[in-house]
Amino acid sequence: MQFSIIISLLLHTGFIILTVMGLPIFNNQKIDIPPIVQVEILEITEQTNVPEVSKREIEEKEDSEKKKEDVKINQPVLKPKLEKSDEKVKDPAADEEIIKPEVVEKKSVVNMPIRKPVIKKKDNFDPLKIAELIDMAKDTKPTQDVKDEEYESLDSTDTLVNKLTLSEEDAIRSQFLRCWSIPIGMPEDDSLVVKVKISLRPDGSLMKPPEVTDHQRMNKPSQKYFKVLAESALRAVRRCDPIKTPAVERYDDWKELQLNFDPRDILR
Amino acid sequence: MKNLIQNILFFTLLSITNAVALIEIDITEGNREPLPIAITNFFYDDVDAVILSEISNNLSDVVEADLERCGLFDPINEEAFIQKNAAMHLRPRFEDWRLIKSQALVTGKLKIVDGDKLRVEFRLWDTLAEKELEALVLITTLDNWRRISHMISDKVYERLTGEKGYFDTRILYVSESGPKNQRIKKLAIMDQDGENHRHLTSGKELVLTPRFNPTKQEITYLSYFKNLPRVYLLNIETGNQEVVGDFPGMTFAPRFSPDGNKIIMSLAKDGNSDIYVMDLKSRVVTRLTNNPAIDTSPSYSPDGKKITFNSDRGGSQQIYVMDNDGRNQKRISNEGGNYATPVWSPRGDLIAFTKNFKGNYAIGVMRTNGEGERLLTENWYQEAPSWSPNGRVLIFYRETAANEDGQGHSSTLWSIDLTGFNEREIETPQDGSDPAWSNLLQ
């Protein structure tokens, strides 16, 4: 008896050790991940959640479904919308259940290619189900608008993670390589960073004159270098006007930018 | 329900953050090309045309040459100008200037006043912001137009770089001629652009290492009288010269303290070279270092509180820094090789030096604690850096080797930017060595 308990204990212990060793989280002694990686993740989120894209996809999906339906059933128009709205219209308990997957789906979109949701919906596409859904059509109609609104609000909330992708930032930054004539005569000074706020029109042109956030410092007699640097930054912004911007669909993201002109590395 | 509330809270919070957060983009690189600037001929009324047309041309040429030479500006060729100067004394048509990529614009107006005085009105414009950056009126005698041009260059430079300019300055140097073993050395002075060149000594005696007084147009230099080194003080404006004293074993002329009241030098007494300071009024000499090694070529920091000098007390020639009373002597050069002729920058942040290593001579700079050493230029033989008054440019001299017959030896003056770029020869009528840069003229 005792012997078998010991054997059992030993084997169990061995098994636990093996499991623990085998678990990826314990092996994952990664080096500190630099913050850049996080930014990357955010960008992807951003890209995949571009509102227009998701809407367009839904429309495409709708279209394709309509077509299919045209062939199979004689009730084309409402179905796709139904598919969306049906989740919403059901009684509260079921409602939550169905909404959840959609939220999950949304979230999963965050880190996945844009196509994903489409495929998923296609998978869900089932003539039988459609038949069921058609029955619901009348009921769902009134809530349709609400659904759309929510869709939109969801989209805009996604973009609330207010970031440009690294490549988008780089694209803006690189334009200033040409436009910014650095006043290279300056001495090294760690406090020499000029922050310029710009407001852009959808075409990337300046909506109003660029603005140095620390404007008062420019007028202090002891801050000659700052003034010169700020003026060079303002010239750079005007030279680069209009700026080549990210997609106009994401205008809200980049309509206001803060450019930090930082010559410290150059003057060092 | 709980989920719903959580979601609402979450999104509300996000939207608040969104309202506050502004995307920031760090611009850490830009274009290091010189700033394109247009310098127009200054406008004048027809009645003054006879006298002023030439001055107007010359004046803009001098400003253009000054700004081009400093390496920070790229003057645009006049032929590219769209707006001609007829209306340039009014507000410029900025779009015309932007079209030719000009970021700054110099305009002006000349007028004869009081019969024979020249009134120069000058304006500097930012063509992109469409605003006036600087406006100035100068009145002077007609033959003084060249200095006015340099002053305008200084104003433009100061307004666009934040640094004081260095165009209205002079360069003092030793003008050399003859074969290597029979060199004739005369003291010479010229404007920083090589104009108004003149000799200050006849060349009968050898002269060495002239230095400017930072506060007035006065210089010290070392000459040999009856084969003994003698230090002179010379007022450039009046030509008055006086002997400071005979200093046996002296190899470098003294340098002035920043207030111009003292001179600091290395003297060899009893075969031992140390640093001494002399009060010019009382002529009292105080010893600052007392070391069996050779301490030489001292130079004050711009606040007068510190002194950098050269010593071989550690076995090789290195750069040291001490307080102005001789305390806290500390070696700062550590990168290997021999260092000589340390000179404290007028800006206070750097010390320039000559470094001999691997058979070559380099002109370099380091921070005043010895860190951040940068060699700006290397060559077969070059030495004696001297700072421009704004601490941005160094002037030094460079020699080429003589062949077996003693021919082919040359000695020329050069300048180089603190950044190591923009190395240029400063042309002199004859060979030149030991240059010294004056402060801005008063």
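1. Confidence first. pLDDT is the predictor's confidence in each residue, on a scale from 0 to 100. The model is predicted, and in chain A the pLDDT stays under 50 over residues 69-123. For that stretch the model has 64 contacts beyond four places in sequence. Where pLDDT is low, predicted coordinates should not be read in detail.

2. Chain A overall. Its mean pLDDT is 65, and 48% of its residues reach 70 or more. A further stretch to note is residues 37-58 of chain A, with pLDDT below 50. Beyond near neighbours in sequence, residues 37-58 have 34 contacts in the model. Among the elements of chain A, helix 5 (residues 79-89) has the lowest mean pLDDT, at 40. Strand 1 (residues 194-199) of chain A has the highest, at 93.

3. The contact between the chains. Chain A brings 38 residues to it and chain B brings 32. On the chain B side, the elements that give two or more residues are helix 1 (2-20), strand 1 (23-27) and helix 4 (145-161). The residues on this side of chain B divide into 12 nonpolar, 10 polar and 10 charged.

4. Strand 3 (residues 256-261) of chain A pairs with strand 1 of chain B. The sense is parallel, over 5 bridges. Within this part of the model, A:Phe261 stands opposite B:Ile27.

5. The core. The largest nonpolar core has 126 residues. Those with the most contacts inside it come from both chains: A:Val196, A:Leu229, A:Ala233, B:Ile37, B:Ile351 and B:Ala352. Helix 12 (residues 224-239) of chain A gives the most to this core, with 9 residues.

6. Leaving out residues up to four places away in sequence, B:Ile351 touches B:Thr308, B:Ile319 and B:Pro342, among others. B:Trp344, B:Val365 and B:Met366 are also among the residues that B:Ile351 touches.

7. Strand 16 (residues 262-269) of chain B. It is mostly covered, with 6 of its 8 residues buried. Strand 15 (residues 255-256) of chain B joins strand 16 of chain B by 2 bridges, running antiparallel. Here B:Arg255 stands opposite B:Ile264. The hairpin of strands 15 and 16 of chain B has 5 residues between the strands, and B:Gly260 takes a positive phi near 80°.

8. The next hairpin. Strand 16 of chain B also pairs with strand 17 (residues 272-279) of chain B, antiparallel, over 8 bridges. B:Ser266 stands opposite B:Ile275. The hairpin has 2 residues between these strands, and B:Asp270 in the turn has a positive phi of about 55°.

Terms used
Residues numbered from 1 in each chain as written. Chains lettered and ligands numbered in written order. Predicted model: local features only at pLDDT ≥ 70, side-chain atom pairs only at ≥ 80, totals over all residues. Contact = placed C-beta atoms within 7 Å. Helix = DSSP H or I, 4+ residues; strand = E, 2+ residues; numbered from the N terminus. Nonpolar A, V, L, I, M, F, W, Y, C, P; charged D, E, K, R; others polar. Pairing = 2+ DSSP bridges. Core = buried A, V, L, I, M, F, W, Y, C linked by C-beta atoms within 7 Å. Buried ≥ 20, exposed ≤ 12 C-beta atoms within 10 Å, placed from the backbone.
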